[in-house]
Structures are given as C-alpha cells and as structure tokens.
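Subject: Structure for your review

Dear colleague,

Please find below the structure I wished to pass on to you, together with its sequence.

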Amino acid sequence: MSSEAPTIVVVKDEGELVAKLASVIEEAANKSIEQEEIFKIGLSGGSLIKFLEKGLPDIKTDWSKWRFFFCDERIVPEESSDSTYGAYKTALIGKVPITEDQFISVNTDLTAEAAAKDYIQKLAVFFSPDCLPKFHMLLLGVGPDGHTCSLFPNHNLLEETTVWVAPITNSPKPPPARITLTFPVLNNAECCVFAMAGAGKADMVKRILVDKENLPAGRVQPEGTCLWILDEAAGAYLKK
C-alpha cells in the first residue's frame with residue numbers, strides 16, 4: 001500500500017473540475033494506449049456520470065482502445081434508474097464514438113454472489129488471472145457516509161482480501177444487492193481519481209483529507225497515484 005499522501009487539486013468551479021478531470025483521463029488514456037494498445041478504466045456512479053458526459057466529448061484519443069469497467073454495480077435491471085451501466089450507456093453512447101461492447105458490464109440477471117463470480121471471469125479476459133488486476137485508472141466517488149464503490153463503513157467487506165470482486169446483499173444504502181471491487185484491487189491501480197464538487201461534499205472531504213478519519217474512501221491508497229480533484233466549494237475546509 002502506498003504511503004504517499006494523495007495529490008489534491010482544487011479548481012474554481014464545477015466547469016473547471018470537468019475540464020481538469022477530462023484532461024487527466026486523456027493523458028492517462030493516451031499513455032496507456034501508446035504503451036499497451038488498450039486503456040482500462042473503472043467507472044463509478046453518482047456525479048461522475050455527469051462530469052464524464054460533459055468532459056469526455058472533448059478528449060482526443062483512439063476511442064476504439066478504451067474498455068470501461070465498473071467499480072461497483074447495483075443488481076437491478078439495466079433499464080432501472082439505479083443501474084450504473086444503464087446511466088453511462090445513456091450518457092455516453094452517441095456523445096463519444098464508443099460502442100456498447102466496450103463496456104465490460106455486470107450480469108445483473110444473476111444473484112449478487114453469482115454476478116460477482118461472473119465479473120471476476122470477465123476481468124480475467126483482460127487481466128492475468130494469477131495476479132491482482134492493475135487498472136490504468138479507477139474513477140471513484142464518496143458517499144455521505146464515506147463509502148466508496150460499495151464498500152461501506154464498518155462492513156465486513158472492508159477486510160475482504162481473497163477475491164477481486166465481492167457481492168453485498170445487505171447494503172446500508174438501497175438497493176441492497178450489489179457487487180464491488182475490493183480494496184486489494186483498488187489499491188493495485190496505477191491511478192485512482194476522486195472528483196467532487198459542491199458545498200455538500202465539503203464536510204466529508206475534511207473528514208477524509210484533513211481529519212484522516214478511518215472511512216472507506218480514505219483507505220484508497222494505491223501503489224500508483226491517488227488524485228483528488230475538488231472545486232472550491234468541496235475543498236472549503238482544506239488548509240490554504
């Protein structure tokens with residue numbers, strides 16, 4: 001696990017945050033494509049969907065080399081408003097030149113336990129099955145309780161180290177059935193990025209980055225880089 005402090009970038013407003021996030025993703029994508037002929041990025045729900053819908057169309061890249069994975073997913077039909085894949089499909093298909101088969105989606109027709117095992121098999125197509133997956137980039141969010149992915153405070157999944165993807169059927173936040181990447185995978189990424197805007201995020205940002213509370217999002221300490229992109233409102237309590 002990295003001992004380096006995260007890099008924190010504070011920009012003026014949400015518009016600048018969208019542009020900065022897009023720039024960071026573009027640089028990582030093009031470097032990965034140049035070196036490995038593929039860019040493997042993990043997506044999360046929430047505000048990130050809107051940020052990417054606005055920012056990704058401005059990126060200059062070979063889109064055909066991108067593969068989109070999911071840091072977590074709710075076990076709901078794709079048409080549900082709770083489906084992360086459904087939300088990204090609506091937000092990005094037609095806005096950027098990608099196809100549905102570039103999304104490595106979760107089979108939500110299965111139970112959470114079966115879907116987690118199935119997603120491990122899907123990941124094994126893109127990562128060596130005998131070592132931890134190393135994503136080029138994971139885009140992460142933080143909930144009002146400090147959760148990231150579907151890793152919730154005081155939940156036993158926080159200590160899960162044996163599987164890449166774990167099921168959860170008692171999520172404290174509905175819907176209850178989900179799958180999530182586990183901390184060993186998060187912390188093996190080349191780069192983890194949190195992007196947060198608005199005064200409503202300021203207290204949680206302070207609790208994680210200033211007070212260093214032991215919350216799930218604060219346990220994201222990848223071997224590579226950890227970048228927090230905040231607007232001034234979200235970063236209001238950071239030391240100037």
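This is a predicted model: local features need pLDDT of at least 70, side-chain atom pairs count only at pLDDT 80 or more; totals for chains, interfaces and linings use all residues.

Two packed helices are described by the angle between their axes and the distance between the axes. Here, the axes of helix α1 (residues 14–36) and α2 come within 9 Å and cross at roughly 75 degrees. As angles of 65 to 115 degrees count as roughly perpendicular, α1 is therefore roughly perpendicular to α2. On the α1 side, the residues that take part are Glu-14, Leu-17, Val-18, Leu-21, Ala-22 and Ile-25. They meet Leu-48, Lys-50, Phe-51, Leu-52, Lys-54 and Gly-55 of α2. By class, this contact of α1 with α2 comprises eight nonpolar, one polar and three charged residues.

Glu-53

Helix α2 also holds Glu-53. Is this residue buried or partly exposed? Glu-53 has a relative accessibility of 31%, so it counts as partly exposed. Leaving aside neighbours within four places in sequence, Glu-53 is in contact with Ala-91, Leu-92 and Lys-95. With Lys-95 there is a polar contact between the side chains, at 2.7 Å. The C-alpha atoms of Glu-53 and Ile-93 are separated by 9.6 Å, although the two residues are 40 apart along the chain.

Thr-61

Thr-61 sits in the loop between α2 (47–55) and β3 (66–70). Which side chains does Thr-61 join through polar contacts? One is the side chain of Asn-30, at 2.8 Å, and another is that of Trp-66, at 3.0 Å. When its neighbours within four places in sequence are set aside, Thr-61 is in contact with Ala-29, Asn-30, Ile-33 and Trp-66.

Asp-72

Strand β4 (residues 72–74) contains Asp-72. The relative accessible area of Asp-72 is 7%, and buried means under 20%, so this residue is buried. The side chain of Asp-72 makes a polar contact of 2.7 Å with the side chain of Ser-150. Beyond its neighbours within four places in sequence, Asp-72 is in contact with Leu-43, Thr-84, Cys-149, Ser-150, Arg-178, Ile-179 and Thr-180.

In brief, the side-chain polar contacts described above include Glu-53 with Lys-95, Thr-61 with Asn-30, and Asp-72 with Ser-150.

Yours sincerely,

A colleague

How values were computed:
Residues are numbered from 1 along each chain as its sequence is written. Side-chain values use heavy atoms; hydrogens and water are left out. Helices (H or I, at least four residues) and strands (E, at least two) are DSSP runs, numbered from the N terminus. A polar contact is a pair of N or O atoms within 3.5 Å; within protein, one must be able to donate a hydrogen and the other to accept it, and residues adjacent in sequence count only if both atoms are side-chain atoms. Contact means heavy atoms within 4.5 Å. Axes are lines fitted to C-alpha atoms, for helices over the stretch in contact, and angles run from 0 to 180 degrees between N-to-C directions. Angles under 35 degrees count as roughly parallel, over 145 as roughly antiparallel, 65 to 115 as roughly perpendicular and the rest as oblique. Ala, Val, Leu, Ile, Met, Phe, Trp, Tyr, Cys and Pro count as nonpolar, Asp, Glu, Lys and Arg as charged, and the others, Gly among them, as polar. Buried means under 20% relative accessible area, exposed over 50%, partly exposed in between (1.4 Å probe, protein chains only).
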